Amino acid sequence: MLNGKRILLIVAGGIAAVKVPDLIRRLRERGASVRCILTKGGAQFVTPLTLAALSGQKIYQDLFSLTDESEMGHIQLSRDADILLVAPATADIMAKMTAGIADDIATTALLATDKPVMICPSMNVMMWTHPATQANLETLKARSVEIVGPGAGDLACGEVGDGRLAEVKDIIAALNRFFQRQRGDGALARMRVLVTSGPTHEPIDPVRYISNRSSGKQGHAIAAALANLGAQVTLIAGPTAEPDPDGVAVVRVETAAQMLKASREALPCDIAVCAAAVADWHVADASKTKLKKSTTPPRINLAPNPDILATLAQPGPQRPLLVIGFAAETGDVIEKAKVKRAAKNCDWIIANDVSPGSGTFGGDDNTVHVITAQNVESWPTLKKREVAEKLAGLIATHAAKFL
Ligand code: CTP
């Protein structure tokens with residue numbers, strides 16, 4: 001859900017600012033980009049260098065900085081984000097937000113923005129419960145500012161009660177919920193989508209298997225990009241090191257037979273994207289016990305696996321309205337992929353070169369051709385995430401016209 005989201009993080013002056021580095025790390029792990037505004041008070045607790053190193057971006061501290069203004073004006077800064085997140089939000093910054101005061105870069109950005117705002121209050125319990133702060137809180141809520149926390153417990157000042165900055169995991173969960181709600185209006189809202197991803201493992205015996213070099217990066221990125229457009233995505237994932245994308249229902253499987261079963265169970269759906277590198281064969285007589293080393297190597301008898309894409313694309317009442325396959329080829333990519341598209345009866349096929357030098361299997365980049373019955377569109381080399389977003393956009397455009 002947070003993948004690709006741009007977060008403008010405003011760090012105000014409270015002891016809880018020491019938790020901000022961890023927050024930035026966790027947001028970036030989830031694919032969000034984080035740009036920070038650090039107030040004078042915030043800089044007493046966390047250094048700009050720490051925030052710059054963790055966010056990988058410059059830190060904005062001065063409203064009247066000539067360099068900053070020439071690079072990106074403060075108004076632009078406040079708009080160039082999907083959400084403004086204030087963490088920690090002090091009583092002071094809440095009061096300024098309520099009153100519309102704009103006396104530094106943080107409060108100016110908050111007043112000038114046209115984007116949603118989420119605040120994570122953190123302060124002494126008496127300050128939190130003070131009628132002034134509580135009245136400000138109500139005003140901010142009435143203006144649709146999202147509030148996360150504060151939690152209760154031991155406070156840095158030695159007192160006990162409400163006022164602790166929400167836990168990092170709770171801030172992340174609140175952001176996820178927020179974007180989930182927002183995507184209810186997405187281009188693929190209410191569309192049911194099935195995505196297969198990763199390799200399959202076909203056991204030889206309980207410890208050995210046949211597989212391939214697929215990492216699952218492309219399929220998982222597609223599932224995430226479709227979910228970001230509001231689709232209800234079921235991701236059938238073979239064994240991969242990729243983390244489960246946020247906001248996607250993930251079914252983990254091992255073999256092609258299990259992937260087919262899980263795919264059938266995910267029907268009916270509107271769209272199917274088969275990005276998995278399904279093993280073409282399984283071991284016909286896989287041993288239930290570990291094969292022992294012997295003087296003569298064992299003979300492995302292979303039997304064909306079911307073709308999941310071809311099965312899903314078969315005409316019939318359960319056929320998704322749009323079925324998209326991948327074609328991993330090593331040479332003559334477009335021509336072979338055209339043949340594959342027709343043979344498997346899918347609507348589109350995404351052809352890519354997986355020759356050893358291409359770096360596609362396991363790598364972060366992909367060079368694809370989108371082949372439909374009518375035409376071939378060749379895309380430049382892109383990050384797999386970018387391929388996923390472009391493909392999700394194309395699916396959304398198609399869905400708007402035909403589905
Ligand atoms: N596919 C599938 N089930 C299989 C084999 C492939 O669903 N048992 C799907 C893949 O997910 C992909 C498409 O079929 O969308 C093409 O996969 P690819 O490996 O390129 O082709 P194969 O059908 O395996 O043919 P070949 O290996 O001969 O190129």
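Colleague: Which helix holds Thr107?
Modeller: This is a predicted model. In it, Thr107 lies within residues 105–112, which form helix α6.

Colleague: Is Thr107 buried or exposed?
Modeller: The relative accessible area of Thr107 is 4%. Buried means under 20%. Thr107 therefore counts as buried.

Colleague: Which residue has its backbone nitrogen 3.1 Å from a polar atom of the Thr107 side chain?
Modeller: Thr107 touches Ile93, Lys96, Ile101 and Ala102, leaving out residues up to four places away in sequence. The backbone nitrogen at 3.1 Å from a polar atom of the Thr107 side chain belongs to Asp103.

Colleague: How are α1 and α9 oriented to each other, parallel or oblique?
Modeller: Helix α1 covers residues 20–29 and helix α9 covers residues 168–183, and their axes are 10 Å apart. The packing angle is about 45°. Angles under 35 degrees count as roughly parallel, and 65 to 115 as roughly perpendicular. The two helices, α1 and α9, are therefore oblique.

Colleague: How many charged residues are in the contact of α1 with α9?
Modeller: From α1 come Asp22, Leu23, Arg26 and Leu27, which meet Val168, Ile171, Ile172 and Leu175 of α9. By class, this contact has 6 nonpolar residues and no polar ones, and the number of charged residues is 2.

Colleague: What is the relative accessibility of Ile271?
Modeller: Ile271 is in strand β14, residues 271–274. Beyond its neighbours within four places in sequence, its contacts include Leu188, Val193, Pro320, Ile395 and Leu403. Ile271 counts as buried, and its relative accessibility is 0%.

How values were computed:
Residues are numbered from 1 along each chain as its sequence is written. This is a predicted model: local features need pLDDT of at least 70, side-chain atom pairs count only at pLDDT 80 or more; totals for chains, interfaces and linings use all residues. Side-chain values use heavy atoms; hydrogens and water are left out. Axes are lines fitted to C-alpha atoms, for helices over the stretch in contact, and angles run from 0 to 180 degrees between N-to-C directions. Helices (H or I, at least four residues) and strands (E, at least two) are DSSP runs, numbered from the N terminus. Angles under 35 degrees count as roughly parallel, over 145 as roughly antiparallel, 65 to 115 as roughly perpendicular and the rest as oblique. Contact means heavy atoms within 4.5 Å. Ala, Val, Leu, Ile, Met, Phe, Trp, Tyr, Cys and Pro count as nonpolar, Asp, Glu, Lys and Arg as charged, and the others, Gly among them, as polar. Buried means under 20% relative accessible area, exposed over 50%, partly exposed in between (1.4 Å probe, protein chains only). A polar contact is a pair of N or O atoms within 3.5 Å; within protein, one must be able to donate a hydrogen and the other to accept it, and residues adjacent in sequence count only if both atoms are side-chain atoms.
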